[in-house]
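Visitor: I'm new to this structure and would like to learn how to read it. Could you walk me through it?

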Amino acid sequence: MAEQPESAQLWQRLRQFTNARIGLGRVGDGLPTNAHLAFQQDHALARDAVHAQVDFAALASELQADFPHILRLKSAAVDRASYLKRPDLGRMLHADSRQQLERLESAPATIALVVADGLSAVAIERHAAPLLKLIKHQLSELGWSLAPLTLVEQGRVAIGDEIGELLRAELVVILIGERPGLSVADSLGIYLTYAPQRGRNDAERNCISNIHQQGLSYASASELLLYLLGQARQRRLTGVGLKDERHQLSQPTNPSLE
Amino acid sequence: MTSYQHTIRQNRYQFDSLKTLLAKATPERSGDDLAGLSAANAEERVAAQWCLADLPLTTFLNEVVVPYEEDEVTRLIIDSHDQLAFAPIRHLTVGGLREWLLDYRTDSQQLAAVAAGITPEMAAAVAKIMRNQDLIAVAKKCQVITRFRNTLGLVGRFSSRLQPNHPTDDPQGIAAAIFDGLLYGCGDAVIGINPATDSPQAMTSLLHLIDELRQRYAMPVQSCVLAHVTTALQVIERGAPVDLVFQSIAGTEAANRSFGIDLALLNEANQAARSLQRGTVGNNVMYFETGQGSALSANAHHGVDQQTCEARAYAVARAFEPLLVNTVVGFIGPEYLYDGKQITRAALEDHFCAKLLGLPMGCDACYTNHAEADQNDIDNLLVLLASAGCTYVMGVPGADDIMLNYQSTSYHDIRFVQTTLGLRPAPEFEAWLQQLGVVDQAGLLIANERHRLLQSAAQLGGL
């Protein structure tokens, strides 16, 4: 493989200013083998994250101790291909799942927690259980009632609103795998909606994005979530009218989730 | 409204409007499926294509796909249609136009002469009955030349936008990526930054950053910060060094409104940037981006298929004599263009239609991680586009845009295609690269560990 030129050190130093793939070096006009395979590796991780299936059975058993009532649901998108091509199907429950929730006739609750695979199975497998346990712990301290925990296959963000409505929850909180980038394939997002119901739009939700090892920590994410939930209940809304006003730093957002 | 029909074996297919016919004749793509506009099966699609091929071009002047009264883009298309330019092809059908375009006798000059007589819908229609090779062959014959500080679109030239984006607009991170790109001979189309923050302050400081570099090295290039057109107007008023004004545009008035623009605003921006007279060899000052699916995603497509909507965006673009236009073909996601095959087809259609309509068309050949595509698809597309005479593509460090989170073409990719197909950057820029010792007379990169640009990069952050 190509020898390291003199300038390699310079580019190494310049990388403190940017994560962009600068100073990769070249062989002819092409990439050195290391840089080429590093890209292939990052893309492979992102692709696997999109196409992997969450082991929801394993997730359910891991969460059983903390969540006595767990329901497994499906969206109307029957597989990954239809999920990717038909965003509308991923936003609505499969008829069977909808019936399942209707038959439940559950008592009203303050919060309905939902987990959906979204675009990264890895994000859910890695972060959903520890984060949910932390959130559950903090919510119980407040004495807020919880609807059954729902785990949704092939779900998009808005499916949480239909679930929250059927579970008669004041607020729905959905944890979902975000679209993998080349640098991070396991980023998790949280969305919350006050008075969830079908047909709510993006402007009526709040988002806590970028939860992963190098991004927002579980503790910070859960702290922000609790703050937003408290404000949402007080002001009876979520969305553009509700902002993180704890300090002036704005939260990173990921508008490209869907 | 006329009804259109065609029979294959015993199956009679009927299409109740021009826009339905156009949609059903469109090669398969996920966005038209999502909109519920596609042909039900391959037979219906080809029936629509037969029917479309028999359609006289004059039909497009009598039946519009979006109502004239409701849409200023339709009004622009109809009101600016040039009957004189149209005369040589007036008698043709869509199928006849395809053959006329491919004919040896139809050369660059004739294509340029009829451009103002071709409406976006005519261009879209003929594209639908053309193979990929037809789209390449005809686009290659179209010559569109634009100028600001260099000359873009000449035969044998292939330019690039240097795209040094950074998720927090860090000036040193951006400058490092610019030096890197220049050392690969990229950036003659524009040094263009997508800002992380769309504010007058952010835009102004980034503009100064590029402008200082440009002047320090006497580079024959233009800069652009791709903020909203209204932000550009604000900073022009405050005296910022604006070379090009950028805006995303679409093919319907409603979709443009969702972008916060209309034709009057674009006209105002064009006049404002022209008045600065910053160009040295010409004064084309607008930079537009487009992409199939934008009208549908804004729910502003009026039941028109996404390729036809896209072609209508070129009517908007050509009203302002832009320096640069490019489709951002795979950015929007798999629900509009599902895989490498659909992305490739759309890129070739967009490039062809825009060139036919007289635009300096480039392409952001790109994909997201949830599309069924990879860098090999982009390599293939790059070779096809360069063969078709595409004006420019993107140069992103390592093809990985860390701000917009998608993959495009890299500095290396531009070098690859230039070397492989024997193409050169814009002449003024090439001369500058040779003078600075970046490339040799043959256009190959010169290895120089002590290059002036490298030494300048070493100064960043007081290192």
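What follows is a short tour, feature by feature.

Guide: Before we start, keep in mind that this is a predicted model.

Visitor: Fine. Let's begin with the two chains. How many residues of chain A are in contact with chain B?

Guide: In general, the size of an interface is often given as the accessible area lost when the parts come together. Here we can count residues in contact: 34 of chain A and 34 of chain B. On the chain A side, the elements giving two or more residues are helix H1 (7-14), helix H2 (33-51) and helix H4 (80-85) of chain A. H2(A) has the largest share, with five residues.

Visitor: And what classes of residue make up the side of chain A that touches chain B?

Guide: That side has 16 nonpolar, nine polar and nine charged residues.

Visitor: Now the sheet in chain A. In what order do the strands come?

Guide: The order is S1-S3-S2-S4-S5-S6 (chain A), six strands in an open sheet with mixed pairing. At the edges sit strand S1 (70-74) and strand S6 (205-211) of chain A, each of which pairs on one side only. From one strand to the next, the twist averages 20°.

Visitor: Which way do S5 and S6 of chain A run, parallel or antiparallel?

Guide: Antiparallel: strand S5 (residues 188-194) of chain A is joined to S6(A) by five bridges. For a spot to look at, find A:Thr193, which stands opposite A:Arg205 in S6(A).

Visitor: Which strands does helix H8 of chain A lie across?

Guide: Helix H8 (residues 159-166) of chain A lies across strand S2 (109-116), strand S3 (149-153), strand S4 (169-177) and S5 of chain A. Its direction is about 145° to S4(A).

Visitor: How should I read a strand's two faces?

Guide: In a regular strand the side chains alternate between the two faces of the sheet. S6(B) runs parallel to strand S5 (residues 159-162) of chain B, and two bridges join them. B:Arg161 is the residue opposite B:Val190 in S6(B).

Visitor: What about helices packed together?

Guide: Two packed helices are described by the angle between their axes and the distance between the axes. In chain B, the axes of helix H7 (residues 94-102) and helix H10 (residues 132-141) come within 9 Å and cross at roughly 55°. H7(B) and H10(B) are therefore oblique to each other, and the crossing is left-handed. B:Arg98, B:Leu101 and B:Leu102 of H7(B) make the contact with B:Asp134, B:Ala137 and B:Val138 of H10(B). By class, that contact has four nonpolar, no polar and two charged residues.

Visitor: At what angle do H5 and H17 of chain B cross?

Guide: Roughly 70°, with the axes of helix H5 (residues 72-79) and helix H17 (residues 306-318) of chain B coming within 10 Å. That makes H5(B) roughly perpendicular to H17(B). H5(B) passes H17(B) in a left-handed crossing. On H5(B), look for B:Val73, B:Leu76 and B:Ile77, which meet B:Arg312, B:Ala315 and B:Val316 in H17(B). Five of the residues in this contact are nonpolar, none polar and one charged.

Visitor: Last one: why does A:Lys133 count as partly exposed?

Guide: A:Lys133, in helix H7 (residues 121-142) of chain A, has 17 other C-beta atoms within 10 Å, so it is partly exposed. The C-alpha atoms of A:Lys133 and A:Leu63 are separated by 7.7 Å, though these residues are 70 residues apart along the chain.

Conventions: Residues are numbered from 1 along each chain as its sequence is written. Chains are lettered from A and ligands numbered from 1 in the order in which they are written. This is a predicted model: local features need pLDDT of at least 70, side-chain atom pairs count only at pLDDT 80 or more; totals for chains, interfaces and linings use all residues. Two residues are in contact if their C-beta atoms, placed from the backbone, lie within 7 Å. Helices (H or I, at least four residues) and strands (E, at least two) are DSSP runs, numbered from the N terminus. Ala, Val, Leu, Ile, Met, Phe, Trp, Tyr, Cys and Pro count as nonpolar, Asp, Glu, Lys and Arg as charged, and the others, Gly among them, as polar. Axes are lines fitted to C-alpha atoms, for helices over the stretch in contact, and angles run from 0 to 180 degrees between N-to-C directions. Angles under 35 degrees count as roughly parallel, over 145 as roughly antiparallel, 65 to 115 as roughly perpendicular and the rest as oblique. A crossing is left-handed if the near helix is turned anticlockwise from the far one by less than a right angle, and right-handed if clockwise. Two strands pair if DSSP finds at least two bridges between them. A residue is buried if 20 or more other C-beta atoms lie within 10 Å of its own, exposed if 12 or fewer, and partly exposed in between; C-beta atoms are placed from the backbone.
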